[in-house]
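Visitor: Could you walk me through this fold? I'd like to learn how to read a sheet and a pocket.

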Amino acid sequence: MLPIDPTKKLSFNRRIADGDLVIVYERYDTMKPVKVSEKGVLQNRFGMFKHSDWIGKQFGSKAFSSKGGFIYLLAPTPELWTLVLSHRTQILYIADISFVVMYLELVPGCVVLESGTGSGSLTTSLARAVAPTGHVHTFDFHEQRAASAREDFERTGLSSLVTVGVRDIQGEGFPDQLLGQADSVFLDLPQPWLAIPSAAKMLQQDGVLCSFSPCIEQVQKSCEALKLYFTDIRTFEVLLQTYEVREGNFASWQDSDGASSFLKGCKKRQRNNLEASGTQTVMARRSGETRGHTGYLTFARLNCSM
């Protein structure tokens, strides 16, 4: 995410400057965050890249090394930051994050409470959703994790949108000074049901809560606690299925069971004709790297009588 700063507006047309954070795209499976420095140098398998050559380029530009190799200089969006950040804990990925942002009904100006911060993957997307006038208050009981997350938000230019606190939300609840101020609350805790009474007090009327839990037993206990304060309780599991699409010969692209994906849906006579013709066509099949179960997302809306 580009810095929220009067002199550096949130724009992908802004040119790279000394001190900026860029995501260096080396190949489809290799990206890394790099802070631009006038005298800095990046060395990889494609050659040596001087940071001074990057300054003044637009985000998304291609940079060349002295021996002809190249990389792409990408803006640190929340989507890319999720893929390159340091994993201090298990993180949420794009499928779950986008679902959370939508169902929490986040818009610019919202105030969001989060516990725990972890690696800050979700926090980054929450901050973009409420920018430029909203705020995210995120808490983690682990002091070193909170400090590392705070440094990451400084690097990504989100420090004005995110406040990181060290607090055991399960045991102490959210701070009293946030009473009735939150539009939304997100919980990623081992025992979220312990924090639900405090979360209910923090929410404004008609506020929304989301709890992320990897186990269905956690969901059951959370829902029992939610019934006392919330209505419209719903639980989802988001499973992302990606597809590979390319042009080729039917016989050249086989599934693990030895049958072409496209041909499986055809009648036997059509299959035989297509296989015999050797026609080039566009084919699609499910990717073998499908991400499975990550967790359950439980949403609830605060009772109006609260």
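Visitor: In what order do the seven strands of the open sheet run?

Guide: Strands of a sheet pair through backbone hydrogen bonds, either parallel or antiparallel. Here the order is β9-β8-β7-β10-β11-β15-β12, with mixed pairing. β9 (162-166) and β12 (230-236) are the edges: each has a single partner strand, so one side of each lacks a neighbour in the sheet. From one strand to the next, the twist averages 15 degrees. Strands are DSSP runs of E, at least two residues, and helices are runs of H or I, at least four, numbered from the N terminus; two strands pair if DSSP finds at least two bridges between them.

Guide: One ground rule: this is a predicted model, where local features need pLDDT of at least 70, side-chain atom pairs count only at pLDDT 80 or more, and totals for chains, interfaces and linings use all residues. Residues are numbered from 1 along each chain as its sequence is written, and side-chain values use heavy atoms, leaving out hydrogens and water.

Visitor: In which sense do β10 and β11 pair?

Guide: Strand β10 (residues 182-187) and strand β11 (residues 203-213) are parallel, over five bridges. Valine 185 sits opposite leucine 209 in β11.

Visitor: Which strands does helix α3 touch?

Guide: Contact means heavy atoms within 4.5 Å. Helix α3 (residues 121-130) packs on the sheet against β7 (111-115), β8 (135-140), β9 and β10. Helix α4 (residues 143-155) touches β8 and β9.

Visitor: Which elements each supply at least two residues of the lining of the second largest pocket?

Guide: β7, α3, β8 and α5 (169-172) do.

Definitions and conventions: Axes are lines fitted to C-alpha atoms, for helices over the stretch in contact, and angles run from 0 to 180 degrees between N-to-C directions.
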